[in-house]
Amino acid sequence: MARPSRSAEIDASLLSQAQDHPGNLVRVVAEALGLSRAAVATRARALISDGYLVKTGTTRPTYRLGSFRRANFRYLLHGLAEDRVWTRDVAPLLKGLPTNIVEISHHGLTEMVNNAIDHSEGKHLKVYLDRNDRQLAMMVADDGIGIFRKITRALDLPDERLALLELSKGKLTTDPRRHSGEGVFFTSRMFDRFQIASGELVFDHDDGVGDDLLLDIDMRHVRHGTTVLMEINTDATMTAREVFDQYSGGPDDYTFAKTVVPVRLAKVGGENLVSRSQAKRLMQRVERFRTVTLDFDAVTSIGQAFADEVFRVFAHDHPDVVLVPMHAVPAVQQMIRRAEVARDAESGQLPLL
């Protein structure tokens, strides 16, 4: 059996020791890890090539941190405060980045660390950061119960895969006294890539392939606890305020009033969206919003009962909620329109034919 690579461990030690041991960095790390100097020197050269380390001199070389940053931190969750993680460890590594990137990173990092502190039921937390001239990636990983399992239990869902649907809607929390349930929703929309992995499931806001991530981690292989990955291009122009405004009720209304629901997540496995129970599952809790955009991307058909439950029954029972379908193919549009005509006729807006 091949020995597992220790490259990540060596890299982390080199970067953490560079400032304290610039003149004997390779020797110090080799002795601390029980490795040969040659093995450590190989990783030092790789970090220099990638911009994370700078080497000066040849006979008596000295090392210093480069313009890029890579670091990992470990914490005990008990007694941990998210602002401590940000202020002491993460923020210093983001110096020089645009203000909007720092603000988004601050929001996302502290929200995800706070979620782990309050909800994970775990004991340990890991935070990873990787920054180059194009991208910033941060990862927060705990060893707790797992977010999807916890949501499934809290909402008594019949299948853990439906936790992804509930998470996508927003205003979801298992502790409403201390949380608004807005953290994941807004954070997922601030970053260019946002993923949550736990057990066998991965929640991906953009449903991307994830092959360009700075952090060399396959999110599909996270089995224990919860791992959150956030990635943003360093030239992104979006601000945190713009994301909040996008889902508010208006220019003078700062309430979380709008949401987008991926309809495809209402499916479990290969089932088709045909029944009223599936429609009720889709519309669970969305009456808390004023505008609900139903994204039918990747949905090729829906049944009459499903459409009727959403666009006639739910719409009739919740007249203050505006339903906005998007990305619907013609076959889906036809079913939606049939239900809307029946609803309008029922309410007296159209004559029954």
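Helices here are DSSP runs of H or I with at least four residues, and strands are DSSP runs of E with at least two, both numbered from the N terminus. With that settled, I can start.

What you see is a predicted model, in which local features need pLDDT of at least 70, side-chain atom pairs count only at pLDDT 80 or more, and totals for chains, interfaces and linings use all residues. Residues are numbered from 1 along each chain as its sequence is written, and side-chain values use heavy atoms, with hydrogens and water left out.

First, the overall figures. The protein has twelve helices and 13 strands. Of its 353 residues, 49% are buried, where buried means under 20% relative accessible area, exposed means over 50%, and partly exposed lies in between, with a 1.4 Å probe and protein chains only. A contact is a pair of residues with heavy atoms within 4.5 Å. Among contacts between residues at least 6 apart in sequence, 67% join residues at least 24 apart.

Now helix H6, residues 147-155. Its buried residues are Ile147, Phe148, Lys150, Ile151 and Thr152. What covers them includes helix H5 (99-119) and helix H7 (162-169), along with strands E6 (193-198), E7 (201-204) and E8 (226-233). Just after H6 comes Asp156, with a positive phi of about 55°. Asp156 belongs to the loop between H6 and H7, and it counts as exposed because its relative accessibility is 68%. Most residues other than glycine have a negative phi.

Glu121 is in the loop between H5 and strand E4 (124-131), and its relative accessibility of 58% is why it counts as exposed.

Back to E7, one of the strands over H6. Asp204 is in this strand and counts as buried because its relative accessibility is 12%. Its side chain makes a polar contact of 2.9 Å with that of Gln195. By polar contact I mean a pair of N or O atoms within 3.5 Å; within protein, one must be able to donate a hydrogen and the other to accept it, and residues adjacent in sequence count only if both atoms are side-chain atoms. Leaving out residues up to four places away in sequence, Asp204 touches Arg193, Phe194 and Gln195.

Next, strand E5, residues 135-142. How many of its eight residues are buried? Eight of the eight are, so E5 is largely enclosed by the rest of the structure. Gln135, Ala137, Met139 and Ala141 point one way, while Leu136, Met138, Val140 and Asp142 point the other way. Two strands pair if DSSP finds at least two bridges between them. E5 runs antiparallel to E4, with seven bridges, and a hairpin of three residues joins E4 to E5. In that pairing, Asp130 has Ala137 of E5 as its bridge partner. E5 also runs antiparallel to E8, through eight bridges, and there Ala141 is the bridge partner of Thr227.

A separate sheet is next on my list. It is open, has three strands in the order E11-E12-E13, and its pairing is parallel. Strand E11 (258-262) and strand E13 (322-326) are the edge strands, each pairing on one side only. Strand E12, residues 291-295, pairs with E13 over five bridges, and Asp295 stands opposite Met326 in E13.

Phe296 is, with Leu282 and Leu294, one of the residues with the most contacts inside the largest nonpolar core, which has 78 residues. Such a core is a set of buried Ala, Val, Leu, Ile, Met, Phe, Trp, Tyr and Cys residues joined through side-chain atoms within 4.5 Å. A second, separate core has 17 residues, among them Ile10, Leu15, Ala18 and Phe68.

Last, Leu53 in strand E1, residues 53-56. Is Leu53 buried or exposed? Leu53 counts as buried because its relative accessibility is 2%. Not counting residues up to four places away in sequence, what it touches includes Leu15, Ala18, Ile48 and Leu65. Leu53 and Leu65 are twelve residues apart in sequence and 4.6 Å apart in space, C-alpha to C-alpha.
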